[in-house]
Amino acid sequence: MTKPPRKPSQPLLGDVDAPIRSRARRRRDPAQSQLLLDPMPARIEPCLALLKRRPPKGPQWTYEVKWDGYRLAVHIEPSGVRILTRGGHEWTERFPAILAEARRLPVSTAILDGEAVVLDAHGRSDFGMLQQSLGGRGGKGSSRDAIFMAFDLLYFDGHDLTGTELTSRRHLLEGLVPAGGEDAIRLSEEIEADGEQLLRIACEHDLEGIIAKDRNSPYRSGRLGDWLKIKCIQSDGFVIVGYEKSAASFGGIGRLLLAARKEGELIYVGGVGTGFNERSAGELREQMDKLIIAKPAVDTGRKRNVVFIEPKLVAEIEYRAWTHDGKLRHASYKGPREEEDEAAIYEL
């Protein structure tokens, strides 16, 4: 189902026999005075996918698997390689395999957009396994198991590609990171299929969902609708405001109490008592016990045997639906979200 390579667009490459030239978009960086083309940006705010319930229809949409990991940008420069998180934090040394593979790519300067993931035995990305490989929440470990699924190319050998249509960016990316590779940097392949059928297959194989992208769109930072995400199971970030104690549960956590945001205020949205293992519960309990407060940060209703904490920890929670009174239904704890990964709290 992988798409064959496409012909590059004429506006990008022009006459193949003529020397490539373009006008710099802003003043050149003196440290890059040797470049005749577009100066390389220090960072590009990522394009984010807008959540939709159903896949879009129309020939302009192309599809990929939705990967469950950390969004990263890999910057390849004459001075070396930098690996940046979605929030702009440098995590270069935390992904040694990705770093080594980036150094081997046949390119002088480039910015690759993608997702760092750890795959399970069935080839599915597993966010919990990725976090464990990095040392858990707040850990500073490095992961040799993580691989980088590249899905966009924003800068390439002196050319700023953000204003170029996705079709052309993907063509160049496929030349740099060929399909079917087994290295630490791999291509997130486009899939030719009906969106509804692909979503059904993804859900049958226990994948998180799919991503739809407008073939004709430039790369625009923010959540503007050029990219869409359609999930099999809903998964979002919620702030932990307390926990119910239980002597029979891992880490003594019977249930986490969760909140979302609404017009700048935190609103209680129920709890979650499944999805923990001994290690994840122990690490989370250690973090929460450093944040204990006497009074709840939000109104959770009358509860017994509850410890309230400052609303600073964000957990990724899977859930099936919402109840009529605005509480999460069939919720399961997936893992903590790091500040460096832009730990966004769900907006009601």
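Modeller: This is a predicted model. The protein chain has an average pLDDT of 87, and 87% of its residues score at least 70. Over residues 7-28 the pLDDT is below 50, although this stretch has 31 contacts in the model beyond near neighbours in sequence.

Biologist: Which elements have the lowest and the highest mean pLDDT?

Modeller: Where pLDDT is low, the predicted coordinates should not be read in detail. The lowest mean, 38, belongs to helix 1 (residues 10-13), and the highest, 98, to strand 6 (residues 147-156).

Biologist: What is the order of the strands in the open sheet of four strands?

Modeller: Strands of a sheet pair through backbone hydrogen bonds, either parallel or antiparallel. Here the order is 1-10-9-2, with mixed pairing. Strand 1 (50-51) and strand 2 (61-65) are the edge strands, each pairing on one side only. Strand 2 and strand 9 (residues 209-214) run antiparallel, joined by five bridges; Thr62 stands opposite Lys213 in strand 9.

Biologist: What lies across strand 2, strand 9 and strand 10?

Modeller: Helix 5 (residues 195-204) does, running at about 150° to strand 9.

Biologist: Which cysteines does a disulfide join?

Modeller: A disulfide is a covalent bond between the sulfur atoms of two cysteines. Here it joins Cys203 to Cys232, with S to S at 2.2 Å. Cys203 lies in helix 5 and Cys232 in the loop between strand 10 and strand 11 (234-245), so the pair ties together parts 29 residues apart in sequence. The torsion about their S-S bond is about -95°, so the disulfide is left-handed.

Biologist: Is Cys203 buried, partly exposed or exposed?

Modeller: Cys203 is partly exposed, at a relative accessible area of 30%, whereas Cys47 is buried, at 2%.

Notes. Residues are numbered from 1 along each chain as its sequence is written. This is a predicted model: local features need pLDDT of at least 70, side-chain atom pairs count only at pLDDT 80 or more; totals for chains, interfaces and linings use all residues. Side-chain values use heavy atoms; hydrogens and water are left out. pLDDT is the predictor's confidence in each residue, from 0 to 100. Helices (H or I, at least four residues) and strands (E, at least two) are DSSP runs, numbered from the N terminus. Contact means heavy atoms within 4.5 Å. Two strands pair if DSSP finds at least two bridges between them. Axes are lines fitted to C-alpha atoms, for helices over the stretch in contact, and angles run from 0 to 180 degrees between N-to-C directions. A disulfide is a pair of cysteine sulfur atoms within 2.5 Å. Buried means under 20% relative accessible area, exposed over 50%, partly exposed in between (1.4 Å probe, protein chains only).
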